[in-house]
Amino acid sequence: MRPAGMRYALHAEWTKLRTAPGTVWLVLAVIALTVAMSAAVTAAARCPAGGCAVDAARTSLSGVELGQAVVAILAVLAIGGEYSTGMIRITLTAMPRRTIVLAAKAVVLSGIVLVAGTISVLASLLAGRLILPGPHPSLEDGSVLRATVGSVLYLVLIALLSLGTAIAVRDPATAIGIVLGLLYLFPIVIHAVSDPDWQRHLEQVGPMSAGLTVQATTHLSGLPIGPWAGLGVLATWAAAALLSAGLLLHLRDA
Amino acid sequence: MTAGTSTVEREDTGTGRDGFARLVRAEWTKFHTVRGWVIGMVAAAGVIMGLGLSPGRQGSCGQNGPDSVCALPVGPGGQEVTDNFTFVRRPLAGDGGITVRVTSLTGLLPTSGEGTRPGLVPWAKAGIIIKDGTRRGSAYAAIMVTGAHGVRMQDDYTHDTAGPPGGVSVASPRWLRLTRSGDDVSGYASSDGTHWARVGTARLAGLPATVQAGPFATSPQYTQVINQPLSTGEVSGPSQATAALDHVTLQGAWPAATWTGDETGAFSNASPLQRGGFQQTAGGFTVTGSGDIAPAVPGAAGLGTTITQTLVGTFAGLIAMVVVATMFITAEYRRGLVRTTLTASPRRGRILAAKAVVIAAVTFVTGLAGAAVVVVFGPGVLRANGVYVHATTTFTEVRLVVGTAALLAVAAVLALALGMVVRRGVIAVTAAVVVIVLPYLLAITGLPTGAARWLLRITPASAFAVQQSTPQYSQVDNVYTPVNGYFPLAPWAGFAVLCAWAALALGLAVLLFRRRDA
């Protein structure tokens, strides 16, 4: 891959995404909704001062469950808009090497989500500090730091999963339906299945149930899958989506 | 393009009902000629059936020979009941009565380990009972003191009348009296044995001439909810209650000379807490029992599951339908078809109404087919896997099927309206899924019970209440949470919340459709 080609592609994708109507609003929505829901759940889960059985860090970060939906919108629209307007044909004429286009889109999108995610996650933790009585989760604590960094990476991986899905199915509404289905249906089905072995298996493969284990800071032995391994499961889902997207981009006409 | 409202023209052919029918037909043609949408609907029905008919649960009922068959006794009202208690009885021939004084009610609760600790569950019961024989599920009327609900008069499992509040002790005992006169059994309570107040009268139709009567004690399953973020668990186990009764006086004909002690519905492999018994003391008895005389409930405090379990695929079907419903309107914008549509029929409110009618009808029929198959065949699959499924009336089953179909139809209309409002399929699909599915998900996973119940009262997810299949009984302590199939609103009230949201969104959509250029 020529470095120059990649640099042009990155510049082009950055310009497209930066100037697309709605990108700024969606980034603001990711932050606002994540923090708002984190604060609401934390306020609802607030326990009497002193004895607190809740995982304070995880509760403070629960807004990620809502924020990820907006991240998915951002990612799907990053490519979906091109398909619905026919822009994709111009993109591929200007940049015939599809792997570069896909890689550039993934990099630019990851960068944006990394920034939005970091702000959301840190602001959520701050909100948690204001709402919950002490002792507060501190970033100096290794597991809290892991939960924080992991939550940002979780959002980036959700963006990549959504991007891959959107390219693979080419229709934005269907793509978001598939992504949200993958995320939200696993936990609901897990609750309906009472068999403990099945529950555990489903928790280990569901992108959201496995990925969000990275937020756990207490009761680590009770987790269905280790925190980083859980994030690895989500990374596998995202990689699979991007891989099939790359393959289909090569095989299909735009 | 000129502004919409200023250029509204009358249609030159067909007005009123006829014109609307033509619009509906046009929209139906648009729908069924798009292969992807039809496939989406078939997929929605398929996933509802697939998830409903895949077992996913394993039970032990009937899996290890005839002894392992799970069966619950059936009460006089036809409902499944729990009927396990220690019964100290003598036959009572004809009319008569029994009076006792209860001086203490104590109990034992399970701990998270193997041990026990002293304590009473709120619905621990001890008192006197008149029952149509010793068959489990037979008719009865009883007056009792309880762990935390004062004096109660109960009959035929589902009826419960409150008497004087407060617990019992040697210092403040409670006198109880039960009298039979024909089919009527009346319960009385007193704090001194002289001044009596009637608590209630039960009519037990067809009570035989000779009944069994005497003191009883029982104590239901103990449940404690453990709230942790993103996982709500329960600790549950049997509990035990012991009551001391004296001053036993009998009226009427009591042919047998001695008292017989029974553990009605005793467990074959009982844990120490589940063993009961009685001792005769000077002028009275000490009765120990475990179990309950109450309607049987699914979930933590009971056995098995309900038919609601089979409808889990509704969520997956809902997402597919939301996608199709949103595209039904946003595709017009993407392809510019909306301009043709508006030229052919400039009255915008009616176009949106026609679209809503078509999408609602299609999703209703699809949902009806999916839910009907699951409700009819799903319980059989679960039972074949050894899971006990509570019986439901045909009326409830019809409500479940029609309610699920209606839920999907109104959700699709909500998605359609959101699609019109934001005109971007991706955002509309996400908004619809986030307001309908996410509150339910939060309610069953992360949130404390109070917040969860609040969410399921005001968000569109309240509509899943139409899928509740067993009633909530105030006289049975159970974990009445959404994850166990219990919703804070009545079935159709919950559905009405979704309807209100859909109406609001549709109103906004019509308003914006009229004011905006296409």
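Begin by selecting Val322(B), Ala411(B), Ala412(B) and Val413(B), which touch the most other members of the largest nonpolar core, a set of 181 residues. The model under view is a predicted one. Next, colour helix H6 of chain B, residues 394-422, which contributes the most to this core, with 18 residues. A separate second core of 57 residues may then be located through Leu176(B), Ala243(B), Ala244(B) and Phe285(B), which are among its members. In soluble globular proteins, nonpolar side chains tend to be buried together.

Return to Ala412(B). Leaving aside residues up to four places away in sequence, Ala412(B) touches Met321(B), Val322(B), Ala325(B), Ile359(B), Ala360(B) and Thr363(B).

Two packed helices are described by the angle between their axes and the distance between the axes. H5(B) and H6(B) pack at an angle of about 145°, and their axes are 7 Å apart. Their crossing is right-handed. Among the residues that H5(B) brings to the contact are Ile359(B), Ala360(B) and Thr363(B), while those of H6(B) include Ala405(B), Ala409(B) and Ala412(B).

Follow the chain past H6(B) to Arg423(B), in the loop between H6 and helix H7 (425-444) of chain B. Phi of Arg423(B) is near 60°, a positive value in a residue other than glycine. Most residues other than glycine have a negative phi. Because 19 other C-beta atoms lie within 10 Å, Arg423(B) counts as partly exposed. Select His247(B) next, in strand E14 (residues 240-253) of chain B. His247(B) also has a positive phi, near 50°, and is partly exposed, with 14 C-beta neighbours inside 10 Å.

Move to the boundary between the chains, where 35 residues of chain A are in contact with 36 residues of chain B. Which helix gives the most to the side of chain A that touches chain B? It is H8(A), with 14 residues; this helix spans residues 172-192. The residues on that side of chain A comprise 23 nonpolar, nine polar and three charged.

Finish with helix H7 of chain A, residues 142-169. Its 28 residues reach 40 Å from the first C-alpha to the last, close to the 40 Å expected at 1.5 Å a residue. Of these 28 residues, 23 are buried, so H7(A) is largely enclosed by the rest of the structure. Just after H7(A), Arg170(A) takes a positive phi of about 65°.

Technical notes:
Residues are numbered from 1 along each chain as its sequence is written. Chains are lettered from A and ligands numbered from 1 in the order in which they are written. This is a predicted model: local features need pLDDT of at least 70, side-chain atom pairs count only at pLDDT 80 or more; totals for chains, interfaces and linings use all residues. A nonpolar core is a set of buried Ala, Val, Leu, Ile, Met, Phe, Trp, Tyr and Cys residues joined through C-beta atoms within 7 Å. A residue is buried if 20 or more other C-beta atoms lie within 10 Å of its own, exposed if 12 or fewer, and partly exposed in between; C-beta atoms are placed from the backbone. Helices (H or I, at least four residues) and strands (E, at least two) are DSSP runs, numbered from the N terminus. Two residues are in contact if their C-beta atoms, placed from the backbone, lie within 7 Å. Ala, Val, Leu, Ile, Met, Phe, Trp, Tyr, Cys and Pro count as nonpolar, Asp, Glu, Lys and Arg as charged, and the others, Gly among them, as polar. The expected span of a helix is 1.5 Å times one less than its number of residues. Axes are lines fitted to C-alpha atoms, for helices over the stretch in contact, and angles run from 0 to 180 degrees between N-to-C directions. A crossing is left-handed if the near helix is turned anticlockwise from the far one by less than a right angle, and right-handed if clockwise.
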